Amino acid sequence: MTEQDVRDLVESNLATIPDFPEPGVLFRDLTPVFADPSAFHALSEALTAPFAGTFDVLAGVEARGFLLAGAASALCGAGLLPIRKAGKLPRKVLREEYALEYGTAALEVHEGELAPGTRVLIVDDVLATGGTVAAAARLVERAGWQVAGISVAIELVDLGGRAALGDRYETFSLLQY
């Protein structure tokens with residue numbers, strides 16, 4: 001299946017919800033993609049294809065990134081690193097805070113979960129302003145691992161997330177809006 005075929009399949013299953021979670025926002029809902037086995041499989045493969053041979057582990061950013069990274073890791077035989085919201089992991093953690101529109105949030109990983117230098121592909125559902133994936137990348141680097149790249153299903157181009165990441169990381173998005 002070509003990358004364009006995957007785009008078409010995923011897009012045909014994507015639900016677009018106007019005015020959610022607030023007026024003026026056009027929400028791109030991937031849950032129908034997850035429910036369609038062919039679309040979910042194709043999306044999971046597409047997220048790793050541009051980075052084949054360059055990563056050891058996929059890091060899924062909570063919460064929808066878990067679904068994508070979990071499926072993709074099972075398909076390609078790589079390990080899975082959960083990047084969790086603060087307070088969810090039971091052992092010693094590394095924490096990275098990032099700015100939200102109204103406040104801050106934090107992501108965490110277990111300290112020492114992977115060997116130093118492990119190559120990590122960060123996977124998430126959406127690249128919007130870039131705050132979450134940038135925090136995930138900083139967290140991976142602070143842990144002593146290497147960011148192999150960032151892969152997302154959807155990029156909201158007008159929100160400038162790719163620009164916020166700069167040129168530091170190779171970034172792939174299957175769909176751009």
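Predicted model: local features only at pLDDT ≥ 70, side-chain atom pairs only at ≥ 80, totals over all residues.
A residue counts as buried under 20% relative accessible area, as exposed over 50%, and as partly exposed in between.

**First stop: the aromatic pairs.** Select F27. With a relative accessible area of 25%, F27 is partly exposed. How are the rings of F20 and F27 placed? Their centres are 5.3 Å apart and their planes stand at 80°, so the pair is edge-to-face. Next, select F34 and F40. Here the ring centres are 5.2 Å apart and the planes meet at 65°, so this pair is edge-to-face as well. F34 has a relative accessible area of 16% and is therefore buried. The count of aromatic pairs comes to 2.

**Second stop: a charge over a ring.** Select R28 together with Y177. R28 lies over the face of the Y177 ring, at 3.8 Å from the ring centre.

Select residues 3-13, which form helix α1, and colour V6, R7, V10 and N13, which are buried. Look along the axis: these residues cover an arc of only 140°, which puts them on the same side of α1. An α-helix has 3.6 residues a turn, so residues three or four places apart point the same way. To see what the buried residues of α1 pack against, display β1 (15-18), α2 (31-35), α3 (37-48) and β9 (171-176).

Remain in helix α1 and centre the view on N13. Which side chain makes a polar contact with the side chain of N13? The partner is the side chain of S12, at 3.4 Å. Then show P32, V33, D36 and A39: N13 touches each of these, residues up to four places away in sequence not being counted.

Select residues 93-100 for strand β5 and residues 103-110 for strand β6. In which sense do β5 and β6 pair, and over how many bridges? The two strands are antiparallel, and their pairing extends over 8 bridges. Follow the chain from β5 to β6, and a hairpin joins them through 2 residues.

Notes:
Residues numbered from 1 in each chain as written. Heavy atoms only, no water. Buried < 20%, exposed > 50% of the residue type's maximum accessible area, 1.4 Å probe, protein only. Helix = DSSP H or I, 4+ residues; strand = E, 2+ residues; numbered from the N terminus. Arc of directions from axis to C-beta. Contact = heavy atoms within 4.5 Å. Pairing = 2+ DSSP bridges. Phe/Tyr/Trp six-rings, centres within 6.5 Å; stacked < 30°, edge-to-face > 60°. Lys NZ or Arg CZ within 6 Å of the ring centre and 35° of its normal. Polar contact = N/O pair within 3.5 Å; in protein donor to acceptor, adjacent residues only side chain to side chain.
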